[in-house]
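Please read them with the structure open.

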Amino acid sequence: LTRENLQKGDWKEMQFKEYNFSAKGLPVEGGCLHPLLKVRQQMQMIFLQMGFEEMPTNNFVESSFWNFDALFQPQQHPARDSHDTFFLREPSTTKTLPEDYVERVKQIHESGGHGSRGYGYDWKREEANKNLLRTHTTAVSSRMLYALAQKPFEAKKYYSVDRVFRNEAVDRTHLAEFHQIEGLICDRGLTLGDLQGVLYDFFSRLGMSKLRFKPAYNPYTEPSMEIFGYHEGFKKWVEIGNSGMFRPEMLLPMGFPEDVRVIAWGLSLERPTMILYGIDNIRDLFGHKVDL
Ligand SMILES: COC[C@@H]1[C@H](c2ccc(C#Cc3ccccc3)cc2)[C@@H]2CN(C(=O)Nc3ccc(OC4CC4)cc3)C[C@@H](O)[C@@H](O)CN12
């Protein structure tokens, strides 16, 4: 039946069967929440119950300065290479950075200070200006900590859960992007014991109450620890994240008093979701539907 023959009135001669009002309609599919969003909600609830505030992570594009230099990550570090990082062609550079702070970051990279030897290389502003897709939410943590250091000191607990981007080979369990979860506490006199304590509190709320810590290295934290949790279901230890204390070479150029410490840890959203929901191929979870 086209619009024409409806208008012409052909339908008057056509035979129609009786309308069956008791015919069942098409079954309505019930929707369901995406597992990643359910676990994200669960993580946010845990942080809020622990008194943490969420950081503003609504910028995927970041400058190399906040993503690396502010974190005391040297400009020749392999992670800053385009094999690991997505740099932007347009807009390729950041124009506005807090100039006095940039100068202190340059100093600490080149010649150290505050008891640090520094790296002893020529730090280049052009390198710091390069825009990229943030490789970790720690870029947001550095922005938040810098802002905090400009005000009279007050202790803070921040968290973030959002997408990060790595220029890496994709396979069954790795995508070029994933969701990072990060928590940090900024206060005077915090110790590694406080970090281990907050990790016990956080992960026990995820059902992991037996933890083990292994010394590790991050450019921006010293000491650093990989975290392992005993999974009662699998009856084995699983790697559940990484953590550490942000270095003085990161905190002091921001302007924090000498006795202020920041403890922080990170994990992903995909791994706990895959474990909690028994999903063994990350493609079933997130990412572009391509059959590899
Ligand atoms: C390149 O991506 C690395 C990613 C991701 C990760 C690792 C480190 C950080 C960090 C950090 C950090 C360190 C210091 C200061 C601030 C942030 C963030 C994400 C997960 C971190 N990992 C991870 O999430 N594992 C995990 C976490 C929770 C969990 O919950 C249980 C079921 C209830 C189960 C597993 C560990 C491994 O999966 C690891 O192989 C993959 N890691």
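Is Lys 235 buried or exposed?

1. Lys 235 is exposed, with a relative accessible area of 56%, where exposed stands for over 50% relative accessible area, buried for under 20% and partly exposed for what lies in between, computed with a 1.4 Å probe on protein chains only. This is a predicted model, in which local features need pLDDT of at least 70 and side-chain atom pairs count only at pLDDT 80 or more, while totals for chains, interfaces and linings use all residues. Residues are numbered from 1 along each chain as its sequence is written, and side-chain values use heavy atoms, with hydrogens and water left out.

2. Lys 235 belongs to the loop between strand 7 and strand 8, helices (H or I, at least four residues) and strands (E, at least two) being DSSP runs numbered from the N terminus. Although Lys 235 is not a glycine, its phi is positive, at about 55°. A positive phi near 55° is also found at His 114, again a residue other than glycine, which sits in the loop between helix 4 and helix 5 (125-129) and is exposed at 53% relative accessible area.

3. Two cis peptide bonds deserve a look when the backbone is checked: the one from Glu 90 to Pro 91, with omega near 0°, and the one from Glu 222 to Pro 223, with omega near -5°. Pro 91 is placed in the loop between helix 3 and helix 4, whereas Pro 223 is part of strand 7 (residues 221-231).

4. Side chains of opposite charge can pair when their charged atoms come close. Over the whole structure the search returns 15 salt bridges, each defined as a side-chain nitrogen of Lys or Arg within 4 Å of a carboxyl oxygen of Asp or Glu. One of them joins Glu 53 to Lys 156 at 3.1 Å, N to O; because Glu 53 lies in strand 1 (residues 53-54) and Lys 156 in strand 4 (residues 156-165), this pair ties together parts that are 103 residues apart in sequence. Glu 53 is partly exposed at 38% relative accessibility, while Lys 156 is buried at 15%.

5. A further salt bridge connects Arg 134 with Asp 162, whose closest N and O atoms are 3.5 Å apart. It links distant parts of the chain, 28 residues apart, with Arg 134 in the loop between strand 3 (131-133) and helix 6 (138-149) and Asp 162 in strand 4. Arg 134 is buried at 1% relative accessibility, and Asp 162 is buried at 15%.

6. Glu 249 and Arg 247 also form a salt bridge, with closest N and O atoms 3.2 Å apart, and both residues are buried. Elsewhere, salt bridges that share partners join Lys 210, Glu 232 and Lys 235 into one network.

7. Which residues are closest to the ligand? The ligand is surrounded by 22 residues, the closest being Arg 166, Glu 239, Ile 240, Ser 268 and Arg 271; a residue is counted when one of its heavy atoms lies within 4 Å. A backbone N or O atom of Glu 239 is 3.0 Å from a ligand nitrogen, a polar backbone atom of Ser 268 is 2.9 Å from a ligand oxygen, and a polar side-chain atom of Arg 271 is 2.9 Å from an oxygen atom of the ligand. The protein covers 86% of the 870 Å² of accessible area that the ligand has on its own, by the Shrake-Rupley method with a 1.4 Å probe.

8. Strand 8 (236-246) is among the elements that each supply at least two residues of the shell around the ligand, and its six residues make up the largest share.

9. Thr 138 is found in helix 6 and is buried, at 3% relative accessibility. Its side chain makes a polar contact of 2.9 Å with the side chain of Glu 182, a polar contact being a pair of N or O atoms within 3.5 Å in which, within protein, one must be able to donate a hydrogen and the other to accept it, and residues adjacent in sequence count only if both atoms are side-chain atoms.
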